[in-house]
Amino acid sequence: MLSGCRRALPAALRLAVRGWAGGRGRRRVSTSWSPVGAAFDAKQQRSRLTGQSTGLFGVPELSSPEGFQEAQEKALQETEQLVQKACTTPPGPQIVMIFDQLSDALCRVADLADFVKIAHPDFAFREAAEETCRNIDSALSNRFYCIFRQVAELFMFDFEISGIHLDEEKRKRAVDLNVKILDLCNQFLIGAHLPNKIDKQILPEHIRYNFAVEGNYIQITGLHADCSDDLVREAAYKIFLYPNAEQLRCLEELLTSRNHLAQLVGYNTFAHRALQGTMARTPEKVMQFLETLSDRLFQRTLKDFEMMEGMKMKLNPQNSKLMPWDHPYYSGVLRAERYNIEPSLYCPFFSLGACMEGLNFLFNQLLGISLYAEQTEKGELWCEDVRKLAVVHENEGLLGYIYCDFYQRADKPHQDCHFTIRGGRLRKDGEYQLPVVVLMLSLPHSTRSSPTLLTPGMMENLFHEMGHAMHSMLGRTRYQHVTGTRCPTDFAEVPSILMEYFASDYRVVNQFARHFQTGQTVSQKILKETQEKFYGLPYVPNTAWQLRFSHLVGYGAKYYSYLMSRAIASMVWKQCFVQNPFDRAMGERYRREMLAHGGGKEPMLMVQGMLQKSPSVEDFVNALVSDLDQDFETFFMDSE
């Protein structure tokens, strides 16, 4: 999943100027680097404790929550100066450069604040970051009006999205709607993760121990989808998804406000506005893709449900009808029976350190890149178990930094996500501003007897998020606003999903999967976890799953992107890597054609460059269906 996306202000750079690959000279090698695997399987090497605090991510102002106000004002002052410069500069390439400098000044603070407001363990930091996000978004709409008029002819499309072409009264309405939408998004995200409470006397006594008890109430914090007790899953489903009137009002108001804003700036619907510039381009194309895929898979899905219902009848003959809370559990039971495997038995082979070494080996073979753990400075981290990785190319030197926030903690969202903290760009002095990102997972901590051990699903998620990180590290665009993952959503998921194919290939896994105690390699078959893409089970009254679906905020009108990106990743894998997942020539081609451009090149042109063809909707559907036909569910195949 992606987060830390660009602000709306300078989005037109994607249309005005295409990417530039470069940066001059080799970055120096640090003596503070150490092997990546040991950094994750060993206890955390502490940050330097002496000297002055460097502040979060090395930003001096962020040594305390109050520093956000200082960093914000500093960014806005720099932006004011750039606005004045832009207002006296004739339209042309120079104003595009000024525009990106303005974007960079704001995003260096706003993107960082986007991460801190949800992930920092200190509430004061989270609150200060939230206020900074609000203030900067407001400033984008109000304080820099003259630059919008100055360059409107150059960047008309993106400015129309922001309402710059409107008269004063309508423009103010657009500004107010943008601020309102931001507030509603934050409110909906908070509500989507809140637990539901119920009087504990309502639940049968023998299942209460599965839930958190708070006085006379039981808290339901999730769906308990993997629990073997049908009644526990049913209770969790009905209680956790019970409609909340305030959350429903928030969602309805969010959808209405999005649509009003889209129509105000000249689009038929929010979906038409959101899909502009994507590979799909229009809602009609998206629906063609989804309906074609659904038609092709409908009978297969019904057959799967019949098999699950048969398994439920075998295990629970008194209540054998398959319900929505059943399919995640019974699909797992079927896979385990069919392939005679138990995924948890393989956790000892997937220590976090071993998986990181596997990624390191893969990136080195494909791209000439190595990952090194780097010691951090005092005050640089928000939690002591965060690791900082330097990404180093064998010829080009240091490419950027990845902060790995991998472990569970109180108040940390249970989601796997990539955040852009600082985008790469070519600076005025000719040097390249190195990208900085955060990868956030929710992995268990190590114990006295073992390092952090991953399930196959956790390992796949790690590879997925690392795909986003490499996209950010290898983008070498002239402008930070279109670097790395700052590209259309239905292309942004391609590099991450492609990494899942590497994670499911036995040749890749055999390079690093070792039992953490014996060093034994994995030799049996495991089933790759696959998520249900389509649904055919009855609706359960008084439930509202959409009120828990947080992707409605970041992926509004674009959730199809995971499927379209998977189709492209499937085609890239089969055409370029299935014969040899370590093919350096294909790795370089992948970097050159798909990773280097960020959002600075039309996404379909990048796909064409990699595949040497322009895929159709039918090609997308065929790629997804063929994954099932060719038994791509297996986690990894026997190498014999």
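Which residue in strand 5 is the bridge partner of Ile-198?

Modeller: The bridge partner of Ile-198 in strand 5 is Ile-218. Before going further, please keep in mind that this is a predicted model, in which local features need pLDDT of at least 70 and side-chain atom pairs count only at pLDDT 80 or more, while totals for chains, interfaces and linings use all residues. Residues are numbered from 1 along each chain as its sequence is written, and side-chain values use heavy atoms, with hydrogens and water left out.

The pair you ask about belongs to the contact between strand 3 and strand 5 (residues 217-220), which run antiparallel and are joined over four bridges; strands are taken to pair if DSSP finds at least two bridges between them. Strands here are DSSP runs of E with at least two residues, helices are runs of H or I with at least four, and both are numbered from the N terminus. Strands of a sheet pair through backbone hydrogen bonds, either parallel or antiparallel. The sheet in question is an open one of three strands, arranged in the order 3-5-4 with antiparallel pairing. Strand 3 (196-199) and strand 4 (212-214) are its edges, and each has a single partner strand, so one side of each has no neighbour in the sheet. From one strand to the next, the twist averages 35 degrees, where axes are lines fitted to C-alpha atoms, for helices over the stretch in contact, and angles run from 0 to 180 degrees between N-to-C directions.

Another set of pairings involves strand 12 (residues 436-443), of which eight of eight residues are buried, meaning under 20% relative accessible area, with exposed being over 50% and partly exposed in between (1.4 Å probe, protein chains only). Its cover extends to both faces, with Val-436, Val-438, Met-440 and Ser-442 on one side, and Val-437, Leu-439, Leu-441 and Leu-443 on the other. Strand 8 runs parallel to strand 12 and is joined to it by six bridges, with Tyr-403 partnered by Val-438. Strand 9 (residues 417-422) pairs with strand 12 in the antiparallel sense over five bridges, and there Cys-417 is partnered by Met-440.

Nonpolar packing comes next. In soluble globular proteins, nonpolar side chains tend to be buried together.

Arg-134 is partly exposed at 31% relative accessible area, and Asp-183 is partly exposed at 30%. Within helix 8, Lys-172 forms a salt bridge with Asp-176 at 3.1 Å between the closest N and O atoms, and these two residues are four apart, about one turn of the helix.

A further salt bridge, between Glu-396 and Arg-591, spans 2.9 Å from N to O. Because Glu-396 lies in the loop between strand 7 (387-393) and strand 8 (397-407) while Arg-591 lies in helix 21 (residues 584-595), the pair ties together parts that are 195 residues apart in sequence. Glu-396 is partly exposed at 32% relative accessibility, whereas Arg-591 is buried at 9%.

Finally, a word on confidence: the mean pLDDT of the protein chain is 84, and 84% of its residues reach 70 or more, pLDDT being the predictor's confidence in each residue, from 0 to 100. Residues 525-536 stay under 50, and for them the model has 42 contacts beyond four places in sequence, a contact meaning heavy atoms within 4.5 Å.

How values were computed
Salt bridge = Lys/Arg side-chain N within 4 Å of Asp/Glu carboxyl O.
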